[in-house]
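Hi everyone, thanks for coming. Please take a moment with the sequence and the picture, and then we will walk through them together.

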Amino acid sequence: MPSFDLSRYRFRLSDDDLAAVALLATGEPVPDRLAPAVAGLREAGLIWPDGRLAEALLPLVNALLGPSVIVGVETAGRQGKLAHGLLVGSEDVFSHEAWPGEGESEYVRVDRNMVVWELARMVNLQRSGVPLTGPGTVDSTLGVLDAGLAAMDHAASAADEPVAVRAALAAAAGPYAQAPEGLAELIVQLRCSWRMTAAWPGHDGTGPGVTARGFAIWDCGPLGHWYRELPAEPVMEDATGPTTPLRLTRVLPKEIWRMIADLLPDDSETAAPSAA
């Protein structure tokens, strides 16, 4: 059921709610499958009896229909995968965050000057006192990684995970290869992994298009944060396989903060090219 809190200017909306709002805002017909979403929006007071959208929704609608930048944050952990992000409109910025097991996300208006802080909060970026010991880079392949993750998922208990993961990595590496040093420990301590991607209308010199860049991080709790250098983001669907190289490099939280700031386009990247 959609709901809103004007004291903090936030909304709880599902994907169907957003689809219905976008169609109503543009005057497009709403298909029958979205009728329950329309009824819920009307009951929540977000659609007036005459079919108009409530004024409280208009800033979100403007950001939804005409974003200048979209930032997607995909997280994966033991509770599954979640999708968060930011919609940067010409006037307003909204963050959206999912919750495990819930079909709705929370949309909150964000001050434009707080975008980097908001993205850092979204991925729980914290100062770390983790000692910098052991290897600073771990190299392997995605096939070996998948074997280790599968072994951890099927371990009988948390106490069995380290042994199961090491055995799986050794088996996946093959009889003539050494299991990558440090990877087993990172997998066992993996709190969550996340990737952040920014996309905006761009120009390649010949015409308009979409420009995107991103990066991925492993949050390994007591072992700190690790930047997934390979495969590099953005990773296209079906562009990787078991033999794709994997490289993880340890990074400090302050370095991740800079990576988030550098992810966002500056004015020169979003401006249309001048006419010749």
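Predicted model: local features only at pLDDT ≥ 70, side-chain atom pairs only at ≥ 80, totals over all residues.

Residues are numbered from 1 along each chain as its sequence is written, and side-chain values use heavy atoms, with hydrogens and water left out.

Now the overall picture. The C-alpha trace spans about 70 × 55 × 35 Å along its principal axes. The protein has 9 helices and 11 strands; these are DSSP runs numbered from the N terminus, with helices being H or I of at least four residues and strands being E of at least two. Of the 276 residues, 39% are buried. Buried means under 20% relative accessible area, exposed means over 50%, and partly exposed is in between, with a 1.4 Å probe and protein chains only.

How do contacts link up the sequence? A contact means heavy atoms within 4.5 Å. Among contacts between residues at least 6 apart in sequence, 58% join residues at least 24 apart.

Let's go inside. In soluble globular proteins, nonpolar side chains tend to be buried together. A nonpolar core, as used here, is a set of buried Ala, Val, Leu, Ile, Met, Phe, Trp, Tyr and Cys residues joined through side-chain atoms within 4.5 Å. The largest such core has 26 residues, and those with the most contacts inside it are Val 71, Leu 119, Trp 194, Met 196, Phe 215, Ile 256 and Ile 260. The elements giving it two or more residues are β3 (69–77), β4 (80–88), α4 (115–122), β8 (192–203), β9 (208–219) and α8 (253–263). There is also a second, separate core of 22 residues, which includes Phe 11, Leu 13, Leu 18 and Tyr 107.

Which residues does Ile 260 contact, leaving aside its neighbours within four places in sequence? They are Val 116, Leu 119, Ala 120, Leu 125, Met 196 and Phe 215.

Stay with helix α8 for a moment. Pro 253, Ile 256, Ile 260 and Leu 263 are buried there. Seen down the axis of α8, the buried residues fall within an arc of 70 degrees, so they line one face of the helix; the arc is that of the directions from the helix axis to the C-beta atoms. An α-helix has 3.6 residues a turn, so residues three or four places apart point the same way. On the other side of α8, Lys 254 and Asp 262 are exposed.

Next stop, helix α1 (residues 15–26), where we find Ala 25. Ala 25 is partly exposed, with a relative accessible area of 35%. Not counting residues up to four places away in sequence, Ala 25 touches Leu 53, Val 61 and Leu 65.

Finally, some backbone details. Where is Pro 234? Look in the loop between β10 (225–230) and β11 (245–251). A cis peptide bond joins Glu 233 and Pro 234, with omega about -5 degrees. Another cis peptide bond joins Leu 230 and Pro 231, with omega about -10 degrees, and Pro 231 has its place in the loop between β10 and β11 as well. Pro 234 is partly exposed, at 30% relative accessible area.

Tyr 9 is in the loop between β1 (3–5) and β2 (10–14), and its phi is near 50 degrees, a positive value in a residue other than glycine.
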